[in-house]
Amino acid sequence: MNETIIEILSYPRALMHQYIELEDCAHAGHYAAKEKECQRCDYEFECQWLFGNDECVALEQKSSEAVACSFESAIAYVEGMSILNGHDTHRCTCDNCTWTRDALLFIGELKCRQMR
Ligand SMILES: [Zn+2]
């Protein structure tokens, strides 16, 4: 199950990579919660998510709860981007909105399955 989620998460990961600008980052994207620069950074969310969920951290080894948690924050991120840009996330057919709808359906099913 985690494998499917990891595959789905490649979309927001690419999106965050695109958005983030690391040229000015003193840590080269190695998020450090205690660093003042990180706390004040415009890309704090993206950086923190990417650093916690990148290929190098091996999502495969995380618990399904931790993966679901990363998944939910990624959904909120992609959906938030769409809303900020004035998309109707229920009807819009762009990549972001389509991904958000599919991801919400997927995580909904996942939760139902866990409750059974
Ligand atoms: Zn859209």
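**Placing Y77**

In which helix does Y77 lie?

Solution. Y77 lies in helix α5. Helices here are DSSP runs of H or I with at least four residues (strands are runs of E with at least two), and they're numbered from the N terminus. Before we go on, some ground rules. Residues are numbered from 1 along each chain, as its sequence is written. You're looking at a predicted model, where local features need pLDDT of at least 70 and side-chain atom pairs count only at pLDDT 80 or more, while totals for chains, interfaces and linings use all residues.

Now work out whether Y77 is buried, exposed or partly exposed. Start with the rule: a residue is buried if 20 or more other C-beta atoms lie within 10 Å of its own, exposed if 12 or fewer, and partly exposed in between, with C-beta atoms placed from the backbone. Next, the count: Y77 has 17 other C-beta atoms within 10 Å, so Y77 is partly exposed. Then look for partners. Leaving out residues up to four places away in sequence, Y77 touches P12 and F45, where contact is C-beta atoms, placed from the backbone, within 7 Å of each other. Finally, Y77 and T100 are 23 residues apart in sequence, with their C-alpha atoms 9.4 Å apart in space.

Try the count again for S73, also in helix α5. S73 has 15 C-beta neighbours inside 10 Å, so S73 counts as partly exposed too.

**Checking the length of α5**

Work out why the end-to-end distance of α5 agrees with its 21 residues.

Solution. The expected span of a helix is 1.5 Å times one less than its number of residues. For the 21 residues of α5, that should give 30 Å, and the end C-alpha atoms are 30 Å apart, which agrees.

Which residues of α5 are buried? They are V67, S70, F71, A74, I75 and V78. Looking down the axis of α5, you find these buried residues within an arc of 145°, so they line one face of the helix. What covers the buried residues of α5 includes α1 (2-8), α2 (10-19), α4 (44-53) and α6 (95-115).

Solution. A nonpolar core is a set of buried Ala, Val, Leu, Ile, Met, Phe, Trp, Tyr and Cys residues joined through C-beta atoms within 7 Å. List the members of the largest one: I5, L9, M16, W49, V67, F71, A74, I75, V78 and A103, 10 residues in all. Helix α5 (residues 64-84) gives the most, with five residues. As background, nonpolar side chains tend to be buried together in soluble globular proteins. Now zoom in on M16: skipping residues up to four places away in sequence, M16 touches E46, W49 and L50.

**Pairing α4 with α5**

Describe how α4 and α5 meet.

Solution. Take the contacts: F45, W49, G52 and N53 in α4 meet S70, S73, A74 and Y77 in α5. Then the geometry: the two axes, α4 and α5, come within 11 Å and cross at roughly 150°. (Axes are lines fitted to C-alpha atoms, for helices over the stretch in contact, and angles run from 0 to 180 degrees between N-to-C directions.) Last, look at the buried residues of α4, namely E46, C47, W49 and N53. Seen down the axis of α4, they fall within an arc of 165°, so they line one face.

Solution. Most residues other than glycine have a negative phi. A28 isn't a glycine, yet its phi is positive, about 50°. A28 sits in the loop between α2 and α3, and with 7 C-beta neighbours inside 10 Å, A28 counts as exposed. Compare G86, which follows α5 and has a positive phi near 80°.

How values were computed
Contact = placed C-beta atoms within 7 Å. Arc of directions from axis to C-beta.
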